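Thanks for coming. Please have the model open while I talk.

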Amino acid sequence: MDTLREIICEKRAYSYSPHTHDHNYSQLLFPLAGALDIQASEQHLTLQEGCFYIPPRQLHTYQAKNTNECLVVDIPLKFTESAHLSQQAAFIQWNSTWKAIRYLLLDGLQKSTDRGALEDLVRYVQHYLPKKQTFKSIDYLHANFNQELNIESLAKMENYHPAYFSAWFKQKTGYSPQSYVARIRLNKAKELLKESSYSITYIAHEVGYHSLSSFTKWFAKQEGVSPTQYRSILKTDK
């Protein structure tokens, strides 16, 4: 289950051994000392200055080249889902704007800036992060995620033959159409479980499941707990 609910901004050191993982939140890396080998998407670089952006669920590998220290900002999904950010990791060129952003983040750490100020800064930073390309089929899925998936119709929107559409879609998003829709449905279900008092049956229908049992089994497989347990945990944590 995604447990990151607040922005984390802190200094970290990385291991000399290679480590591969992904996470359900965005991340910004600012090297402060030393160098870090990073491989993500189709990029493989040694990060010594600048900034590296890692989107949610992007598998990446890092390994320290020497003694190192990085300023790391972990950004929960709720701060980025409506920003239409790129779903590919990216090195961000160093310029005066990003130098100022790093300075403000470090200054906030030293002065223990209140969380509201940090959240405002992260929202500002999003204007300078790489944006994702927009495609008719992807926009359609976001607007109609609770409808039955039709590859032929989606392919037609992009002028692709259905036999090649899924490969094209995965190249653009990192996911198959089926997995992409499942992500949208899961995030919407979690949002409704957290923010509303709707019944589990109603939420199941809202995200495209006509069978409560099918929805419950699918949700539990994704999150490790049932929808009812998920809602209960959220209430307990408040």
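Phe165 and Phe169 are both buried, where buried means under 20% relative accessible area, exposed means over 50% and partly exposed lies in between, with a 1.4 Å probe and protein chains only.

Before going further, the ground rules. This is a predicted model, in which local features need pLDDT of at least 70 and side-chain atom pairs count only at pLDDT 80 or more, while totals for chains, interfaces and linings use all residues. Residues are numbered from 1 along each chain as its sequence is written, and side-chain values use heavy atoms, with hydrogens and water left out.

Back to the pair. Phe165 and Phe169 sit in helix α5, residues 162-173, four residues apart, or about one turn of the helix. Helices (H or I, at least four residues) and strands (E, at least two) are DSSP runs, numbered from the N terminus.

Now the rings. Searching the whole structure gives 15 aromatic pairs. Rings of Phe, Tyr and Trp, the last by its six-membered ring, pair if their centres lie within 6.5 Å; planes under 30 degrees apart count as stacked, over 60 as edge-to-face and the rest as tilted. The ring centres of Phe165 and Phe169 are 5.7 Å apart and the planes are at 50 degrees, so this pair is tilted. Both residues belong to one aromatic cluster, together with Phe135, Tyr160, Trp168 and Tyr180.

What surrounds them? The largest nonpolar core has 29 residues, and Phe165 and Phe169 are among those with the most contacts inside it, as are Leu141, Tyr180, Phe215 and Phe219. A nonpolar core is a set of buried Ala, Val, Leu, Ile, Met, Phe, Trp, Tyr and Cys residues joined through side-chain atoms within 4.5 Å. At least two residues of this core come from each of α3, α4, α5, α6, α7, α8 and α9. The largest share, seven residues, is supplied by α6 (177-195). Another core lies apart from this one; it has 22 residues, including Cys9, Phe79, Ile92 and Leu106.

Next, the strands. An open sheet is formed by five strands in the order β1-β8-β3-β6-β9, with antiparallel pairing; two strands pair if DSSP finds at least two bridges between them. At the edges are β1 (8-12) and β9 (90-92), each pairing on one side only. β1 and β8, residues 69-76, are joined antiparallel over five bridges, and Lys11 stands opposite Leu71 in β8.

Separately, consider β4, residues 36-40. Four of its five residues are buried. Five bridges join β4 to β5 (43-47), antiparallel, and five join β4 to β7 (60-64), also antiparallel. Ile38 has Leu45 as its bridge partner in β5 and stands opposite Tyr62 in β7.

Finally, the whole chain. The protein chain has nine helices and nine strands. Its radius of gyration, taken over C-alpha atoms, is 20 Å, close to the 18 Å that the globule rule (2.2 Å times the number of residues to the power 0.38) gives for 238 residues, so the chain is as compact as a globular protein of that length. Buried residues make up 45% of the 238.
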